[in-house]
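The briefing below is meant to be read beside the sequence and the coordinates.

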Amino acid sequence: MSMTTLLAFTPWPSVSAVILLVLLVAALYFARGTAHQAIHAAAGALAHGLRLASHSVAHAEQRLAARNREVLLAAGREAKERIVEREFARVGDTVRKDLAGYPDMHRRLSEAIIRIEEDQEKAVEVPPEAPGWVKAVEVIAKLDTGNAGTDILADIHKSMVKAHAEAMDDYRKASGERHALLRKMMPDWRLIQQTLAHVQKSVESVIARALTIDRHIEEYDAIVRSEDRAHSVLSSSSIVYFFVSALVLAVACAGAAINFTLIARPMAEMVGGTSFIGSWRTADIAALVIIMVEISMGLFLMESLRITRLFPVIGALSDKMRVRMMMVTFVILLLMASVEAGLAYMREVLLRDELATSSLLRGDNTGSMVNEHLWITTVAQMGMGFVLPFALVFVAIPLETFVHSLRTVMGLMAIGVLRALALILRVLGNGSRHLGALAQRIYDLPLFVPLWIETRMAAAAAAEEAASMHESVGAEPWQEAQS
Amino acid sequence: MKRPLVLLLATVAALGACGAPSAPRNTGVYLLIDTSGSYNRQVAKAEQIILFALSRLQPADSIAVARIDTGSFTEKNIIAKATFDDRPSTANQQKRAFASRVTKFAEQSTPAAFTDITGGLLQAIEFLNEKRTGRKEILVFSDMKEELAKGYVRNIPLDFRGFDVVALNVTKLRTDNFDPREYLSRLETWRVRVEKGGGHWRVINDLDRLDGLL
């Protein structure tokens, strides 16, 4: 039904339009209550649903946060246990080493002290003899013997000078012997000093380790008690580890790419240059497989050395088995590194061959000229081919850190996403409620005329009612008085 | 019980998809050299083209060089042919040997009385179809003026589906200078013939710009 036919039920379209408008407004006015209820119910249901979804997402976020916290604390606890265990092992090594040498050290100290005591006893100074001639000289000097006394005194003087000279000689000799004994004591003193210095160093080392252990134990204690500070420290550490390990892994990937370039071309000589698996050249896949096997061997080697702990099965092996595994993986790595060095050499040979062929086909002779320094690049390529597999072994360390920190970072990201989702759902829920109210107002907008009339009528009715109430209130006391 | 079976089937299907023989990726090149009359002087340029083609070809590609003379639909006209080995080093050796054979031919080429281009194209189609290469290129080094000896029937349809036909160094004849329409109509005739046979036609006259070739 077109608008023209709709407006044709009276001869005047404008009159028809007005009649239709009045009818529409009347219909809307009479359906107003139901429509408002419907809008309110729909908006309410939507808001309720969104709020419920928001609560659910928020609850999931809390559960995830709690789970992340548990995992992070467990990982931190494990890491701390490893650190403390290692510190104890170091302390144990120090103590074992020092205590193992203690009987020898004690014997050497005792011997040195005994030697010093003996030497000291020997070096005791003998007091000089008291002069015995003084009184005799006084007596002879008092005697009146003429010149005979003078002769006697001269003889005494001579004897005294002689005795003095002998005494001085003896004294010097004794002093020399004492000094010699004291000199002999010097090495023993030095030995004692050195031994004590060594003891002091060991003790200080043990004290330092003890302090470190104390610090780690405090941190471990905080982790065990699930303190917020410990959690935030672990969380921020995980993020830092994540980025650092990602950076190192990127560097390792670049190294692997160089390694791949070194061996991909000569691999074509081994497996053919034109066969494909899917859309990949078989030679490229073979080169990639070699690199992957090298990285795997590196992982196993690191696991066997207990540097990383990605595979608990390897860590749980007996020491004998681990050593065997270590040797096997190392031998395989060595073989692969040698193969890579050979392939790198082959690459250089192939490149030269290709260059010579190209120059021949181009018709110039420059390609066939031999550069005498080309051996440098050949050796460098071979060296890289040999070294890179061993360098890739160390990828295991950042890989382990990356894997462990990835869990935390992913958890944090998931928490952020869930939190944002809960917020959006809550905002949408509130918005839908307000939208319902807005829809009710918009519904009322074309009904402003009947609504205005309704309001006026309601006001008039209210005024009339108030007046009748007033009259009835005013008449009541008179009726009471009459009665 | 069902689950492992499904997994096994999926694995087998995946392996089958990986191991399925994929479409060949190698290239086959058949180069026809016109040795008729005065065009025989251009053989040195043809040698350059062949060497260029050799430098662009990869292991497992195929190449053949044949001359166009009075009767070209014969294997005797093939000067040299090779399918390069899978290994790059062996392919390089083959390329060098091929280049020496072509050089020898360029030195000893003698002019032919007639020009059987269609016969050469038929031979090229047969050779490349036999090689089953992924990409098939026929390079025609000629002035594209066909002159058949008496008794040779060549008005037969050619199946160029999957072929790229490239006319190289299409020189202008003395008569083309008088009436260029002859030259243009000659090229147009060949274009129509190739495209009617399902092939793709190209003309390269500037031999210094062969980058688009192969």
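This is a predicted model: local features need pLDDT of at least 70, side-chain atom pairs count only at pLDDT 80 or more; totals for chains, interfaces and linings use all residues.

**Chain A overall**

- Chain A has 13 helices and two strands, and of its 483 residues 16% count as buried.
- Among the contacts in chain A between residues at least 6 apart in sequence, 79% join residues that are at least 24 apart.
- Helix H3 of chain A covers residues 32–100, and its 69 residues should span 102 Å at 1.5 Å a residue, which agrees with the 99 Å that separates its end C-alpha atoms.
- Buried residues are found along H3(A), including Ala43(A), Ala47(A), Leu50(A), Ser54(A) and Val57(A), and also Asn68(A), Leu72(A), Gly76(A) and Lys80(A).

**Phe300(A) and its surroundings**

- Phe300(A) lies in helix H8 of chain A, which takes in residues 282–304, and it counts as buried because it has 23 C-beta neighbours inside 10 Å, where 20 or more are required.
- When residues up to four places away in sequence are left aside, Phe300(A) touches Ile314(A), Met325(A) and Thr329(A).
- Val328(A) is 28 residues from Phe300(A) along the chain, and the C-alpha atoms of these two residues are separated by 9.9 Å.

**Loop residues with positive phi in chain A**

- Ser226(A), which is not a glycine, has a positive phi near 55°, and it sits in the loop between helix H6 (147–224) and helix H7 (228–271) of chain A.
- Ser226(A) is exposed, since 12 other C-beta atoms lie within 10 Å and a residue with 12 or fewer falls in that class.
- Arg306(A), likewise a residue other than glycine, has a positive phi near 60°, and its place is the loop between H8 and helix H9 (312–315) of chain A.
- Arg306(A) has 13 C-beta neighbours inside 10 Å and therefore counts as partly exposed.

**The sheet of chain B**

- Six strands of chain B form an open sheet with mixed pairing, in the order S3-S2-S1-S4-S5-S6.
- Strand S3 (78–83) and strand S6 (200–204) of chain B are the edge strands, each of them pairing on one side only, and the twist from one strand to the next averages 15°.
- S1(B) and S4(B) run parallel and are joined by seven bridges; on this side of the pairing, Thr27(B) has Arg135(B) in S4(B) as its bridge partner.
- Strand S4 (residues 135–141) and strand S5 (residues 163–168) of chain B also run parallel, with six bridges between them.
- Lys136(B) has Phe163(B) in S5(B) as its bridge partner, and Leu139(B) stands opposite Val166(B) in S5(B).
- Six of the seven residues of S4(B) are buried, so this strand is largely enclosed by the rest of the structure.

**Helices of chain B against the sheet and each other**

- Helix H4 of chain B, residues 117–131, lies across strand S1 (27–34), S2, S3, S4 and S5 of chain B, and it runs at about 160° to S1(B).
- H3(B) lies across strand S2 (62–68) and S3 of chain B, and its direction is at about 175° to S3(B).
- The axes of H2(B) and H3(B) come within 10 Å and cross at roughly 175°, which means that H2(B) is roughly antiparallel to H3(B), as angles over 145 degrees are classed in this way.
- In this helix pair, Val43(B), Ala44(B), Glu47(B), Ile50(B), Leu51(B) and Leu54(B) of H2(B) meet Lys95(B), Phe98(B), Ala99(B), Val102(B), Thr103(B) and Ala106(B) of H3(B).
- By class, the contact of H2(B) with H3(B) is made up of nine nonpolar, one polar and two charged residues.

**The contact of chain A with chain B**

- Chain A and chain B each bring 17 residues to the contact.
- On the side of chain B that touches chain A, helix H2 (43–56) and helix H3 (88–108) of chain B each supply at least two residues, and H3(B) gives the most, with six residues.
- The residues on that side of chain B divide into seven nonpolar, five polar and five charged.

Terms used:
Residues are numbered from 1 along each chain as its sequence is written. Chains are lettered from A and ligands numbered from 1 in the order in which they are written. Two residues are in contact if their C-beta atoms, placed from the backbone, lie within 7 Å. Helices (H or I, at least four residues) and strands (E, at least two) are DSSP runs, numbered from the N terminus. Ala, Val, Leu, Ile, Met, Phe, Trp, Tyr, Cys and Pro count as nonpolar, Asp, Glu, Lys and Arg as charged, and the others, Gly among them, as polar. Axes are lines fitted to C-alpha atoms, for helices over the stretch in contact, and angles run from 0 to 180 degrees between N-to-C directions. Angles under 35 degrees count as roughly parallel, over 145 as roughly antiparallel, 65 to 115 as roughly perpendicular and the rest as oblique. Two strands pair if DSSP finds at least two bridges between them. The expected span of a helix is 1.5 Å times one less than its number of residues.
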